[in-house]
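Subject: A structure for you to look at

Hi,

Here is the structure I promised to pass on. Have a look at it first, then read my notes below.

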Amino acid sequence: MAKESKKLKASGTPSYTVPGLSNEQGAEVAAILQNRLNALTDLHLTLKHVHWNVVGPHFIAVHQMLDPQVDAVREMSDAVAERIATLGMSPIGTPGALVAERDWDDYSIGRAGAIEHLGALDLVYTGVIKDHRSAIEATGEIDPVTEDLLTGQAGQLEQYHWFVRAHLETAGGELSTAGAGTEQQATRKAGERAGVKRQSA
Ligand SMILES: [Fe+2]
């Protein structure tokens, strides 16, 4: 693979698509799905990164909690990519294309405590789920089959989000990450609530 190789980019209109949609509609739905494919691929890689980098108290619980999420989100990526192909377009699954096309930043936390990573993952899941809901709305008018696929995924993602948030929640039902706008802030707030002593940085 030459370093200067061009990144793949989804474009154009398919020469066929699923029955009942125009080729233009197929392309439109596939473009929305390509964005969700990028997000889901990014998410399962990020979850594995956290699985590897989590340390401290609750290590084993969080390390083990994340692997089934990785597997399930990979399956979601697969389903979305295959729906793009079904619609007559080419799903783009290469890392360079993902990085070039995504409009969010790379996960920013390296080795850190379990609660701190979960604080950051609260924000990660919030972003993915919000965008999935937007995609559900955007595809609903054109293609209820894609809408149904994304709706099922959103329900599963929201359950995983709850698994994460349950670690950050007080008995009064408040989230330690409330009001955090960045992963760094969420990490700090979650850590503070859990009594994590931080080295000054
Ligand atoms: Fe592992």
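Before the first helix I want to show you, one bit of background: the expected span of a helix is 1.5 Å times one less than its number of residues. Keep in mind too that this is a predicted model.

Now take helix 2, residues 59-86. It has 28 residues, and from its first C-alpha to its last it reaches 41 Å, close to the expected 40 Å. After helix 2 comes Gly88, with a positive phi near 95°.

Next, the largest pocket. It holds about 440 Å³ of space. Which residues lie nearest its centre? They are Trp104, Asp105, Leu123, Val124 and Glu183, out of the 19 residues that line the pocket. Sorted by type, the lining has 7 nonpolar, 6 polar and 6 charged residues.

Last, the aromatic rings. Searching the whole structure turns up 2 aromatic pairs. The cut-off behind that: planes over 60 degrees apart would be edge-to-face, and under 30 stacked. Ring pairs also link Tyr160, Trp162 and Phe163 into a cluster. Is Phe163 buried, exposed or partly exposed? Its relative accessible area is 28%, so Phe163 is partly exposed.

Terms used. Residues numbered from 1 in each chain as written. Predicted model: local features only at pLDDT ≥ 70, side-chain atom pairs only at ≥ 80, totals over all residues. Heavy atoms only, no water. 1 Å grid on protein atoms, 1.4 Å probe; cavity = no way out; pocket = protein on both sides within 12 Å on 5 of 7 lines; lining within 4 Å. Points joined across faces, edges and corners; volume = space filled by probe spheres on them. Nonpolar A, V, L, I, M, F, W, Y, C, P; charged D, E, K, R; others polar. Helix = DSSP H or I, 4+ residues; strand = E, 2+ residues; numbered from the N terminus. Phe/Tyr/Trp six-rings, centres within 6.5 Å; stacked < 30°, edge-to-face > 60°. Buried < 20%, exposed > 50% of the residue type's maximum accessible area, 1.4 Å probe, protein only.
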